[in-house]
Amino acid sequence: MEESTISVASLPLGDRTIPNTQLMKADLLPDPESRLDSMEMKEKPLMDPTIPFRDLTDTASKKESIARLINKLDVETNIRYQRTVEDTYCNVYSYDYCYFSKVYLPTVWWTDESLKKIAQGQEVEAIFEQTVDRIYSSAIHDWLPQWGPAFGWEEIATVDDLQNKVNANGGIGIICAKRKEKGLSGHIVPVVPETDVNKAYRENGIVVYPLQSQAGKLNYNYFSEVRKDWWNDELYSSYVLYYHE
């Protein structure tokens, strides 16, 4: 979401001392009411057997299955991702994209109290608005360097490097920007493999605007040049680039 009131998950993310072996995903269970044709249950994974998961067999199968996934999620038209008067849903789309790519990116995260219990070795069940709460893109910007490496995320230096890794390996790229104004969410966008038709924008062979897919004020299955380097907009205080194999 690009605009939202602050939630528990937007507050400081808790104790950094939890061992990676103890840290647990905060996923809720898929729900039949979480659907592409519905605005409900956005905090839960989609329960739809027709949505393809990323095929991890090899690089070609990864890229081909990602293209099928983008086509199926169809962020431009499906009701789940359409903006409302109150909100946009960049985080929901990014979560769904990562979920079906078999990569963990939170759409809910542990409350501070839950993180303390996990740090003490306790098992905590993910219960919405009790032990976990929504996490928006400005908080995901902070989550990625703090917790992301425990779930396989690595920081990347440039958008050129990020696009090249996504292309070469069929991996998952993320650009996430933090909003300057406290209490408002920033923006998060997957960087996706180039196709025969859809390309990143390059200058002198260097990627300037990677190929992306987003929900936001405007939704695009694929885009590059149309939004320029949106992550450098004065609305944002900083941005991070991350990659997951």
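This is a dialogue about how the terms used for this predicted model follow from its values.

Trainee: Which helices and strands does the chain hold, in numbers?

Mentor: Five helices and ten strands. Among the contacts with a separation of 6 or more, 68% join residues 24 or more positions apart.

Trainee: Why is α2 (90–100) called mostly covered?

Mentor: A residue is buried when its relative accessible area is under 20%. Ten of the eleven residues of α2 are buried, so by that cut-off the helix is mostly covered. Among them are Cys90, Tyr93, Asp96 and Phe100. For the protein, buried residues make up 52% of the 245.

Trainee: What makes a set of residues a nonpolar core?

Mentor: The members must be buried, must be of the nonpolar kinds such as Val, Leu, Trp or Tyr, and must be joined through side-chain atoms within 4.5 Å. The largest such set here has 50 residues, and Tyr81, Trp109, Trp110, Trp143, Leu144 and Trp153 touch the most other members. Elements that each supply at least two residues include α1 (59–73), α3 (112–119), α4 (137–147), β4 (172–179) and β10 (236–244). The largest share, six residues, comes from α2. Apart from this core lies another, of 16 residues, with Val159, Val166, Val191 and Trp230 among them.

Trainee: Which residues does Trp110 touch, leaving out those up to four places away in sequence?

Mentor: Contact requires heavy atoms within 4.5 Å. By that test, Trp110 touches residues including Met24, Lys25, Ala26, Leu115, Ile118, Val124 and Val132. Glu125 and Thr131 are also among its contacts.

Trainee: How many side chains of each charge are there, and how far apart do the two sets lie?

Mentor: There are 26 positive and 38 negative side chains, and the centres of the two sets lie 1 Å apart. The protein exposes about 11200 Å², of which carbon and sulfur atoms supply 48%.

Notes
Residues are numbered from 1 along each chain as its sequence is written. This is a predicted model: local features need pLDDT of at least 70, side-chain atom pairs count only at pLDDT 80 or more; totals for chains, interfaces and linings use all residues. Side-chain values use heavy atoms; hydrogens and water are left out. Buried means under 20% relative accessible area, exposed over 50%, partly exposed in between (1.4 Å probe, protein chains only). Helices (H or I, at least four residues) and strands (E, at least two) are DSSP runs, numbered from the N terminus. Accessible areas come from the Shrake-Rupley method with a 1.4 Å probe; for residues, only the protein chains shown count as cover. Lys and Arg count as positive and Asp and Glu as negative; His and the chain ends are not counted. The place of a charge is taken as NZ of Lys, CZ of Arg, CG of Asp or CD of Glu.
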